[in-house]
Amino acid sequence: MLEIRPLASRQDFEDFFRFPWRHYADDANWVPPLLSMRRQLLDKAKHPAWKYMDGEYFAAWRSGEIVGTVAAFINHEHNRYHSENIGFFGLFETIDDPTVAADLLGAAAEWVAARGAEAIRGPANFTTNEECGLLVENFNQPVIMMPYNPPYYAALLEGAGFDKAMDLHCIYQDRATIEASDTRARLERLVKRASDRSGIVVRRMNARDKKAEFERFREIYNAAWEKNWGFIPMNDEELAALVHDLGMLVEPDLAFFAEIAGESVGFALTIPNFNEALRRAYPRPGLPEVITMAQVVWHWKIRRSIRGLRMPLMGVKKEHRNKGVELAMLLAAMKALLPSRYDYLDSGWILETNPLVKISLSLGGKIYKTHRFFQRALLP
């Protein structure tokens, strides 16, 4: 017997919380999150996105054991900002069973439809400022701040009537590609011409003034992504959460601002791929987080075993696009990698419709991961 129902007790919530550790117990590619970050994600009183969302958590039970989870929610800020009337699903995890998947997604669809939604889209946890999209290509190298799932999820979604809405690409460049003389020389020529023409100056983040630097980042981010598919502006509480989560992990030498005539017009935030350390530390229920963090810092600072960088956030104000600002910051990130201990750069995600995809490919990068948003129309 399969039962789909909302969480009704503290124990239900705890089982929901712990399900990924059981679900992915035999999956060597899964990297568990910090327990504190997962609790904050699920806590409607603490996660800033719940200020403008309504939603419900559902789980599928079979023989008294959870076999799948999903969240259904209405993001009122998204609907207002994009003049849409849709609902979302997220936190989607399930065993490889079409019935479980279809019933979970059906419960989510029914919940948002009852509140007037004309379609349901996802997965998203919970906005495009956070982890979103279903991994559909390259499952063996999970990166920080990007979701992971088994390969069979896409077929389950399609079997439940969902179609592709948008792809998000990650671009990979390794040290050998960056060091290639023709690639670097071409990029340096392009950046020099752009800098001479527009007065572009790229500087590193000021480590002694991170709070103000993150405020500059938010201003640029909200302006740069204003018309992007799925984007909603980051508010004060979301910025505070970002500073809390990333502030101590950012290496100032790997974060850049672009300026023109003294005005900050673009940014590129690059961080080590902490998934390489989290995979070894393996945070889990019952293990004090202070031990996990000590192991992560040891792998990062002492053993120096993190080999990759990820550029999760990059943006240029609309009025300064097509001036070469993006190229100048990309060059700065690539040049910063060369003398460092890191071996590759992951730039993503990037919307499949973004011209930066073609630019990156022309400079020796390659699409090595794709995450996909799915959508299903709902009956009135």
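Predicted model: local features only at pLDDT ≥ 70, side-chain atom pairs only at ≥ 80, totals over all residues.
Setting aside neighbours within four places in sequence, Thr 128 is in contact with Tyr 221, Gly 230, Phe 231, Ile 232, Trp 349 and Phe 373. The residue sits in the loop that runs between strand 6 (124–125) and strand 7 (131–132). Thr 128 counts as buried because its relative accessibility is 10%, and the cut-off for buried is under 20%. One of its contacts has a polar side to it: a polar atom of the Thr 128 side chain lies 3.1 Å from the backbone oxygen of Gly 230.

Some of these contact partners turn up again in an aromatic cluster. Tyr 221, Phe 231 and Trp 349, each in contact with Thr 128, belong to one cluster together with Tyr 81, Phe 214, Phe 217, Trp 225 and Phe 267.

Across the whole structure, a search finds 27 aromatic pairs. Two of them involve Trp 50, and they are set out below.

| Aromatic pair | Geometry | Centre to centre | Angle between planes |
|---|---|---|---|
| Trp 50 and Tyr 57 | edge-to-face | 6.0 Å | 85° |
| Trp 50 and Phe 126 | edge-to-face | 5.2 Å | 65° |

The pair of Trp 50 and Phe 126 links distant parts of the chain, 76 residues apart. Trp 50 is in the loop between helix 2 and strand 2, while Phe 126 is in the loop between strand 6 and strand 7. Trp 50 and Phe 126 are both buried, and Tyr 57 is buried as well.

In soluble globular proteins, nonpolar side chains tend to be buried together. The largest nonpolar core in this model has 134 residues, and the members touching the most others are Tyr 57, Phe 89, Phe 126 and Phe 217. Helix 12 (residues 325–337) supplies the largest share of this core, with eleven residues.

Spanning residues 10–23, helix 1 has 14 residues and reaches 20 Å from its first C-alpha to its last, close to the 20 Å expected at 1.5 Å a residue. There is a bend of about 35° at Phe 17, with a proline, Pro 20, following within four residues. Phe 17 and Pro 20 are among the buried residues of helix 1, as are Asp 12, Glu 14, Phe 16, Phe 19, Trp 21 and His 23. The cover over these buried residues includes strand 1 (2–6), strand 2 (53–62), strand 3 (65–75) and strand 4 (87–94), along with helix 2 (35–42) and helix 5 (153–159).

Conventions
Residues numbered from 1 in each chain as written. Heavy atoms only, no water. Helix = DSSP H or I, 4+ residues; strand = E, 2+ residues; numbered from the N terminus. Expected span 1.5 Å × (residues − 1). Bend = angle between axes of the 7 residues up to and from the residue. Buried < 20%, exposed > 50% of the residue type's maximum accessible area, 1.4 Å probe, protein only. Contact = heavy atoms within 4.5 Å. Core = buried A, V, L, I, M, F, W, Y, C linked by side-chain atoms within 4.5 Å. Polar contact = N/O pair within 3.5 Å; in protein donor to acceptor, adjacent residues only side chain to side chain. Phe/Tyr/Trp six-rings, centres within 6.5 Å; stacked < 30°, edge-to-face > 60°.
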